Amino acid sequence: MRLTPYFSLDEFDCHDGNQVPKEYIANVEHLVVKVLQPLRELWGPLIVVSGWRSQDWNTRVGGAKASTHLTGEGADVRPVRLRDVPEFLALIEARLKAGGLPELGGL
């Protein structure tokens, strides 16, 4: 299921093989539309490293007990090229400082 021209729901499936539960799809859609799509438009292509996590997977990877990943409200993304991470982070920080990306919950 395509969420935007650049993101599809399956990118947010858990790494343990479980799909995003139906009750959390709206959360993922909100995250994509309000946070990730604007980031994508600022930066360019992004890779979803971690999207929704099952409770078991979250525990396995040492995620916070109240992680936003558990409800599809959080995701970890990065630029396609790892060497661009510092520049990507600087762009986000500058945008946040200027009052942009108001729905970004964390960095």
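Colleague: Does Arg81 count as buried, partly exposed or exposed?

Modeller: A residue is called buried under 20% relative accessible area, exposed over 50%, and partly exposed in between, with a 1.4 Å probe and protein chains only. Arg81 has 43% relative accessibility, so Arg81 counts as partly exposed. Please note that this is a predicted model, in which local features need pLDDT of at least 70 and side-chain atom pairs count only at pLDDT 80 or more, while totals for chains, interfaces and linings use all residues. Residues are numbered from 1 along each chain as its sequence is written, and side-chain values use heavy atoms, with hydrogens and water left out.

Colleague: With which residue does Arg81 form a salt bridge?

Modeller: Side chains of opposite charge can pair when their charged atoms come close. The rule for a salt bridge asks for a side-chain nitrogen of Lys or Arg within 4 Å of a carboxyl oxygen of Asp or Glu. Arg81 pairs in this way with Asp84, and their closest N and O atoms are 2.8 Å apart. Asp84 is buried, at a relative accessible area of 11%.

Colleague: How many salt bridges does a search of the whole structure find?

Modeller: The search finds two. Helices (H or I, at least four residues) and strands (E, at least two) are DSSP runs, numbered from the N terminus. Asp76 is partly exposed at 33%, whereas Arg53 is buried at 11%.

Colleague: Which side chains does a polar contact join to that of Arg53?

Modeller: A polar contact is a pair of N or O atoms within 3.5 Å; within protein, one must be able to donate a hydrogen and the other to accept it, and residues adjacent in sequence count only if both atoms are side-chain atoms. The side chain of Arg53 has such a contact with Ser50 at 3.1 Å and with Asn58 at 2.9 Å.

Colleague: How many aromatic pairs are there?

Modeller: A pair of aromatic rings is described by the distance of the centres and the angle of the planes. Rings of Phe, Tyr and Trp (its six-membered ring) pair if their centres lie within 6.5 Å; planes under 30 degrees apart count as stacked, over 60 as edge-to-face and the rest as tilted. The count by this rule is two. Phe7 and Phe12 make a tilted pair, 6.4 Å centre to centre with 50° between the planes. The centres of Trp43 and Phe88 are 5.4 Å apart and their planes stand at 70°, so this pair is edge-to-face. Trp43 lies in helix α1 (residues 22-43) and Phe88 in helix α3 (residues 85-97), so the pair ties together parts that are 45 residues apart in sequence.

Colleague: Which residues have the most contacts inside the largest nonpolar core?

Modeller: A nonpolar core is a set of buried Ala, Val, Leu, Ile, Met, Phe, Trp, Tyr and Cys residues joined through side-chain atoms within 4.5 Å. The largest one has 21 residues, and those with the most contacts inside it are Phe7, Phe12, Val20, Val28, Val32, Leu36 and Leu39. Helix α1 gives the most to this core, with seven residues.
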